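Notebook open, structure loaded. I'm jotting down what I look up as I go, beginning with a strand pairing.

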Amino acid sequence: MPDQLLQIGRRLLQAVPSVIGIVIISFALTRALPGDPAVYFAGAMADEESIAEVRQALGLDRSLVEQFFIYVSNLLQGDLGLSLNTGLPVLEELLTRLPASLELTFTGLGLAVLIAVPLGMLAATRPGSWIDHLCRVLVTAGVSLPTFFTGLFLIYIFYFLLGWAPSPLGRLDILYLPPPHVTGFYLIDSLLAGDSETFWAALRQLVLPAFTLGLFALAPIARMTRASMLSALGSEYVRTARANGLSHRKVLFTYAFRNAALPLLTTLGMVFSFLLGANVLVEKVFAWPGIGLFAIEALVASDYAAVQGFVLSMALLFVVVNLMIDLLLTLIDPRVSMSD
Amino acid sequence: MTQPPFVSIEQLSVDFRTRNGIVRALDKVELSIKKGETLGIVGESGSGKSVTAYTLIGLLDAAGRVAGGSAMFDGMTMTGASESQLRDLRGREISMIFQNPRGALNPIRPVGKQIEDVLLRHARASRQNARAKAIEMLQQVRIVEPEKRYWSFPFELSGGMCQRVMIAIALACDPRLLIADEPTTGLDVTTQKATMDLIRDLTRERNMAVILITHDLGMAAAYADRIIVMQQGQVVETADVKTLFTRPAHDYTKKLIAASPGPYSELDDLTAVTNGPADAKRPRRVSAADPGQQAAAAANKFLLEVIDLVKEYPHRQKQGWQWPWSKPDDADSGFRAVDGISFQIKRGESLGLVGESGCGKSTTSSIIARLLDPTSGDIIFNGQNLTTFRADQFAHQPQRSLIQMVFQDPTESLNPRYTALDAIAEPLKRLKKITAATEIKQRVEKMADLVGLPQHLLTRFPHQLSGGQKARVGIARAIAVDPLLLILDEPTSALDVSVQAVVLQLLDQLKTELGMSYLFVSHDLNVVRLLCERVIVMNRGKIVEQGLADEVLRNPKQEYTRILVDSIPHFEPDNL
């Protein structure tokens with residue numbers, strides 16, 4: 001369908017101004033950060049002269065406008081600069097760490113959806129029942145517990161007290177070797193390599209941080225599912241479906257849930273972006289080698305290139321996810337037209 | 001005759017649990033239907049007509065409970081049946097069509113699929129032939145290009161088409177009883193007639209029994225064999241159509257019949273039953289045809305003159321990307337909602353603006369109310385050309401208070417967080433710049449007296465008022481700032497007939513007392529005729545016919561007007 005391709009193209013073009021804005025803002029924000037990278041990298045023993053030398057080497061002695069144009073022209077060539085912290089190109093750092101973050105985020109989101117959607121549906125079909133109350137308790141817990149607390153709490157119980165979970169130190173126990181790189185997702189790569197032992201090891205590491213994220217994501221999803229299911233079940237078209245004697249299943253899924261899924265999808269997009277933020281803390285707690293951890297370290301060191309790269313990649317990810325949700329919505333809801 | 005009736009409801013009582021305790025919605029309702037018979041259930045809102053139908057089909061919502069009696073369908077007790085038994089019957093033996101057909105269809109499922117769902121559920125089709133059968137059903141309800149429409153979504157179809165689809169779904173499995181719950185509310189009169197004729201034809205072909213639930217006595221008279229009248233959960237009268245209209249037995253029936261405006265009824269007749277015979281209590285409406293009156297009017301200048309008014313809407317965004325500053329293509333003129341209309345309203349005159357939805361009547365009234373800018377044309381109001389002001393700045397002009405509106409839905413048009421007093425006081429504060437609390441209160445109380453709203457109701461919020469009371473608040477709010485022209489946009493279409501009668505009389509009385517002019521926008525010619533001397537009939541943005549209201553209604557000159565007049569369901573006792 002060339003018409004739809006055209007629409008997708010137009011929708012992609014709409015993302016361009018936001019990306020340009022992100023580039024400018026991420027640049028400006030990093031410069032506004034307190035701390036001077038030249039002082040930091042010159043070391044504790046440095047004198048004025050060596051600091052000035054470092055500053056010149058980093059190109060920080062030039063005017064902001066000049067720095068910006070250098071940054072943009074490098075960006076256009078796909079060069080995100082060098083991370084001062086690690087000495088490696090930022091792009092390479094991000095690319096190796098991104099799969100770790102994505103694996104964690106997607107697993108967390110998947111867990112949340114798997115629990116929250118059925119829970120919300122059950123709560124909506126039986127308002128006032130015990131499952132409705134359970135839903136309410138979980139939603140409240142998910143909203144009120146900060147992720148770092150949930151993370152530490154889970155570690156305390158399942159690692160320290162019960163000893164069921166492995167030590168919360170990264171994606172894989174040091175006894176194992178990472179699987180050969182294909183997608184960067186350890187779970188998938190280990191399966192592709194047919195290495196079930198590594199798969200289980202990676203999974204064991206993943207469970208706690210994924211649950212921590214999942215509990216955080218669960219609240220808005222469950223609440224939205226319940227609310228939109230309630231309104232769909234009370235709608236006139238569901239009444240028609242019931243008046244026509246359609247089976248309970250058909251009424252619940254084809255008529256009510258598909259309509260309820262529309263606001264749910266929009267919420268999912270928002271939740272995903274919350275998770276990108278929550279990730280940073282969870283990665284810190286579980287020493288997860290993702291881009292969140294990388295960003296914190298870069299931020300502490302005023303590592304401009306790395307921070308800019310992080311913000312930019314997060315923003316791009318956000319744009320892509322929302323684009324995909326928009327596309328999904330147009331597939332499900334005939335009333336949505338992307339040209340508007 | 002030992003055979004039980006096809007449908008019989010005996011001593012049926014239904015209770016609803018509400019926040020204020022248990023409310024009895026149905027009280028010992030009795031009715032029966034023979035095979036192939038059409039039973040009309042008539043009553044005003046809250047009379048329990050829908051609850052009766054929902055109880056029969058087992059769709060009562062969770063708060064409702066059968067408190068006594070029974071409903072039988074073809075020898076089976078529906079009131080005690082299990083949900084799965086009922087589910088088998090629904091759609092196959094008994095089916096239902098609703099009002100607001102667009103909302104009653106699944107918005108994101110092709111209509112053909114929705115017909116298939118029912119066919120497959122009741123094993124009337126297999127996966128292989130379901131589609132063909134669904135298309136056949138679309139054809140039977142006279143939808144053109146059924147193969148194409150199969151894939152349409154409800155939002156792509158008109159209200160009338162959606163109701164046809166609903167009928168197709170309802171009749172897909174050849175049920176023996178059809179319940180039509182206000183099937184044409186919200187549809188245009190001509191669409192209404194086509195839809196009702198279709199229902200009648202299709203159900204007669206199949207020898208189906210029909211329960212027609214309606215608030216419109218005229219419609220019940222035209223399409224039902226027998227009518228039961230309900231009031232506050234009770235059946236007050238059951239009779240065949242002719243008996244009901246010629247010799248109504250119950251006072252409430254008499255009141256309802258009187259309150260339904262027919263082609264020959266007068267305003268005073270509407271409440272004749274409750275108020276006693278109308279022996280010239282009020283001065284008879286002076287007809288504009290009166291030569292003396294006409295001379296006086298000619299001497300007086302027109303209050304409102306609309307000259308060659310045009311409102312164009314651009315076509316939907318053209319394909320392809322456009323620079324935001326590029327000028328729209330002049331060659332591509334848009335859709336003309338209002339296409340060069342001119343008319344005048346004299347001081348103290350009421351003009352009716354009639355037409356079906358999409359004819360441009362609401363656009364016209366919005367432009368005159370200066371809520372919308374015309375594309376071209378002039379509006380001379382009280383000697384001044386109002387089109388020189390932009391719509392978004394008109395609120396700051398002194399003329400704003402001279403043109404006021406009364407809106408269609410009395411509930412929606414009141415701020416739910418404002419009491420009646422606040423609502424009426426708002427224009428006084430904004431337009432009259434009155435700040436003294438005592439003066440505002442005084443004025444509001446005066447307005448309340450004028451529109452017959454008891455003063456103790458002024459502290460209430462909209463949800464604590466009845467429909468008629470809310471309509472009064474809406475009118476009081478509009479006349480609080482002493483307008484010269486009142487634009488009435490279907491002010492009674494959301495009201496029950498008996499309330500409508502009272503509101504119409506109030507409007508007529510206010511007009512004579514305050515000397516306002518009315519522009520009365522409506523789809524109902526019979527209602528317009530009661531309040532207006534002259535009437536304009538619009539179609540597709542153009543004026544089709546205009547003249548004296550009685551004249552236009554009784555001897556329409558144009559084909560379109562004739563169709564419009566003929567489509568109004570009404571009862572003429574002599575012709576039954």
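B:Phe381 is where I start: its opposite number in strand 15 of chain B is B:Gln384. I note that strands and helices here are DSSP runs numbered from the N terminus, with at least two residues (E) for a strand and at least four (H or I) for a helix. Strands 14 and 15 of chain B run antiparallel and are joined by 2 bridges; two strands pair if DSSP finds at least two bridges between them. The pair makes a hairpin with 2 residues between the strands.

Before going on, a note on the source: this is a predicted model, where local features need pLDDT of at least 70 and side-chain atom pairs count only at pLDDT 80 or more, while totals for chains, interfaces and linings use all residues. Residues are numbered from 1 along each chain as its sequence is written, with chains lettered from A and ligands numbered from 1 in the order in which they are written.

**The turn and another positive phi**

I checked the loop between strand 14 and strand 15 of chain B, and B:Asn382 lies there. Its phi is near 55°, positive although the residue is not glycine. The cut-offs I used, with C-beta atoms placed from the backbone, are 20 or more other C-beta atoms within 10 Å for buried, 12 or fewer for exposed, and partly exposed in between.

B:Arg142 is another non-glycine with a positive phi, about 60°. I found B:Arg142 in the loop between helix 5 (130-140) and helix 6 (146-149) of chain B. With 14 C-beta neighbours inside 10 Å, B:Arg142 is partly exposed.

**Back to strand 14**

On to strand 11 (residues 302-313) of chain B, which runs antiparallel to strand 14 (residues 376-381) of chain B, with 5 bridges joining them. There B:Glu305 faces B:Ile380 of strand 14 of chain B.

**Sheets in chain B**

I traced an open sheet of 6 strands in chain B, order 16-17-18-13-19-20, with mixed pairing. Strand 16 (403-406) and strand 20 (542-548) of chain B are its edges, each pairing on one side only. The twist from one strand to the next averages 20°. Inside this order, strand 17 (residues 485-489) and strand 18 (residues 517-522) of chain B pair in parallel over 5 bridges, and B:Leu488 stands opposite B:Phe520 of strand 18.

What lies across strand 13, strand 17, strand 18 and strand 19 of chain B? Helix 14 (residues 361-368) of chain B does, running at about 150° to strand 18 of chain B. Axes are lines fitted to C-alpha atoms (for helices, over the stretch in contact), with angles from 0 to 180 degrees between N-to-C directions.

I then looked at an open sheet of 4 strands in chain B, order 2-1-4-5, antiparallel in its pairing. Its edges are strand 2 (21-33) and strand 5 (76-77) of chain B. Strand 1 (residues 7-18) and strand 2 of chain B share 9 bridges in the antiparallel sense, and B:Ser8 has B:Ser32 as its bridge partner in strand 2. Helix 1 (residues 49-57) of chain B packs on this sheet, touching strand 1, strand 2 and strand 4 (64-73) of chain B, with its direction at about 105° to strand 1. Contact means C-beta atoms, placed from the backbone, within 7 Å.

**A buried helix**

Helix 11 (residues 251-259) of chain B has 7 of its 9 residues buried, so it is largely enclosed by the rest of the structure. Among the buried ones are B:Tyr252, B:Leu256 and B:Ile257.

**Chain A helices**

The residues making the contact include A:Leu104 and A:Gly108 of helix 5 and A:Phe272 and A:Leu275 of helix 11 of chain A.

**Where the chains meet**

Last, the contact between the chains: it takes 27 residues from chain B and 20 residues from chain A. Helix 2 (83-89), strand 6 (94-97), helix 3 (101-104) and helix 4 (111-121) of chain B each give two or more residues to the side touching chain A.

Terms used. Two residues are in contact if their C-beta atoms, placed from the backbone, lie within 7 Å.
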